[in-house]
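This report describes one protein model in terms of its sheet, domains, salt bridges and selected residues. The sequence and structure come first.

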Amino acid sequence: MSLPVPTMPKPPVGVVGLGQLGGSLAAALVAAGREVSGWDVDPAAREAAAARGVRVTQELGGVVVLAVPLPAMAGALDGLDVDPDATVTDLGSVKVPVLASVGAALGGRFVGGHPMAGTERSGHGATDPGLFRGARWALCLEPGTDLRRWLRAAEVALDAGAEVVPVTATEHDDAVAAISHVPHLLAAALAAAAGEAGPLALALAAGSFRDGTRVAGSDPAFVIAMVEGNAGPTAAALARVRAQLDRPWPDLVAAGHAVRTADPGRRVVRVPLDRAALLALGRTGGAVTQRLAAFVEGWVPGR
């Protein structure tokens with residue numbers, strides 16, 4: 001298999017959906033010198049993207065990124081003129097259902113992805129070219145994934161400033177249930193419980209309440225689609241949280257503090273362009289930071 005090398009010209013990037021994530025990605029790639037085009041059904045989003053240097057068009061090729069809500073993912077390319085050889089990736093927060101729909105339709109052209117970035121804001125007005133800087137970007141390596149296309153999708157993430165975490169779709173969904181989907185439910189529960197406590201409680205709410213409930217301000221339709229699209233892993237992760245809450249409070253506080261303050265450090269590694277080696281990197285908690293000729297460079301926890 002002939003793999004693309006860093007000295008080869010990078011293909012153009014087409015972004016479908018120019019809201020917070022898609023608009024931020026397009027702006028970041030323009031700033032990195034990539035050729036970027038994009039489309040959105042919202043004329044205001046198209047106009048905002050054009051002002052940031054994105055070529056607005058329905059003709060897309062190279063690496064096409066689906067940055068649309070989960071319910072719209074399967075039909076995101078309908079009506080667009082997409083190069084039949086384009087690599088297609090996505091930014092969806094759940095991977096197994098997207099792999100079953102978009103992946104099944106596109107076959108080896110599809111590489112599932114999910115940047116761990118974003119805020120409770122949404123829409124093109126929330127665009128931030130620095131949104132992905134330093135963020136982890138999960139990129140799925142399934143048994144049938146074309147490694148050449150995976151590398152092209154990885155280059156997009158790296159050019160946006162992110163670090164790439166190789167995963168499978170199932171591993172991704174299990175992991176994000178614990179660190180993303182359950183926190184959204186907990187934030188909603190904290191906010192709702194404080195509301196029941198009355199106006200005095202809300203008037204006294206300060207930093208810990210603000211930090212713990214920030215994502216409760218997210219678009220409810222987005223959150224519902226996310227947790228219901230990953231219902232099994234989210235229910236299992238929520239059960240683990242309930243079990244933790246049943247522990248003696250001193251034990252619970254100590255255990256949480258230990259996890260939150262742990263600093264294992266980082267060790268730089270080079271990993272060959274091989275599916276098993278890349279997945280091993282991700283499973284240890286590491287990430288890819290740079291594309292080399294026959295390797296990728298990255299880090300794993302541990303000094």
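Where is the place of D146? D146 sits in the loop between β10 (136-140) and α4 (147-159). The model is a predicted one, and the values below are computed from it.

**D146 and its partner**

D146 is buried, its relative accessible area being 16%, and the cut-off for buried is under 20%. The side chains of D146 and R148 are joined by a polar contact of 2.9 Å. The two residues also form a salt bridge, with the closest N and O atoms 2.9 Å apart.

**Salt bridges**

How many salt bridges does the structure hold? The structure holds 13 salt bridges.

| Pair | N to O distance | Relative accessible area |
|---|---|---|
| R34 and D159 | 2.7 Å | R34 9%; D159 21% |
| R283 and E171 | 2.5 Å | R283 54%; E171 27% |

R34 forms its salt bridge with D159. This pair links distant parts of the chain: R34 belongs to the loop between α1 (20-31) and β2 (36-39), while D159 belongs to helix α4, and the two are 125 residues apart. R34 is buried, whereas D159 is partly exposed.

The side chains of R283 and E171 also meet in a salt bridge. R283 lies in helix α11 (residues 275-283) and E171 in helix α5 (residues 169-197), so the pair ties together parts that are 112 residues apart in sequence. R283 counts as exposed, and E171 counts as partly exposed. Salt bridges with shared partners also join D85, D146, R148 and R149 into one network.

**The six-stranded sheet**

An open sheet is built from six strands in the order β3-β2-β1-β5-β7-β8, and the pairing is parallel. Why is one side of β3 and of β8 left without a neighbour in the sheet? β3 (55-56) and β8 (110-111) stand at the edges and have a single partner strand each, so one side of each lacks a neighbour in the sheet.

Within this sheet, strand β5 (residues 63-66) runs parallel to strand β7 (residues 87-90), and four bridges join the two. V63 has T87 as its bridge partner in β7.

G92 lies in the loop between β7 and α3 (96-106). Is G92 buried or exposed? With a relative accessibility of 5%, G92 counts as buried. When neighbours within four places in sequence are left aside, G92 is in contact with L70, M73, G113 and H114. A separation of 18 Å lies between the C-alpha atoms of G92 and L158, which are 66 residues apart along the chain.

The protein chain is divided into domain 1 (13-167 + 265-300) and domain 2 (172-246). Domain 1 contributes 13 residues to the contact and domain 2 contributes 16 residues. Taken over C-alpha atoms, the centres of domain 1 and domain 2 are separated by 26 Å.

What area do domain 1 and domain 2 bury between them? The buried area is about 990 Å², with 63% of it on carbon and sulfur atoms. Between domain 1 and domain 2 the count of salt bridges is zero. Four residue pairs are found in polar contact across this interface, with both residues at pLDDT 80 or more.

**Helix α8**

Which residues of helix α8 (residues 220-229) are buried? The buried residues of this helix are V223, A225, M226 and V227. Among the elements that cover these buried residues are α5 and α9 (231-245). At the start of α8, D219 has a side-chain oxygen that reaches to within 3.0 Å of the backbone nitrogen of A221.

Methods
Residues are numbered from 1 along each chain as its sequence is written. This is a predicted model: local features need pLDDT of at least 70, side-chain atom pairs count only at pLDDT 80 or more; totals for chains, interfaces and linings use all residues. Side-chain values use heavy atoms; hydrogens and water are left out. Two strands pair if DSSP finds at least two bridges between them. Buried means under 20% relative accessible area, exposed over 50%, partly exposed in between (1.4 Å probe, protein chains only). A polar contact is a pair of N or O atoms within 3.5 Å; within protein, one must be able to donate a hydrogen and the other to accept it, and residues adjacent in sequence count only if both atoms are side-chain atoms. Domain bounds come from an automatic or database domain assignment. Contact means heavy atoms within 4.5 Å. Buried area is the accessible area (1.4 Å probe) that two parts lose on being put together, summed over both. A salt bridge is a side-chain nitrogen of Lys or Arg within 4 Å of a carboxyl oxygen of Asp or Glu.
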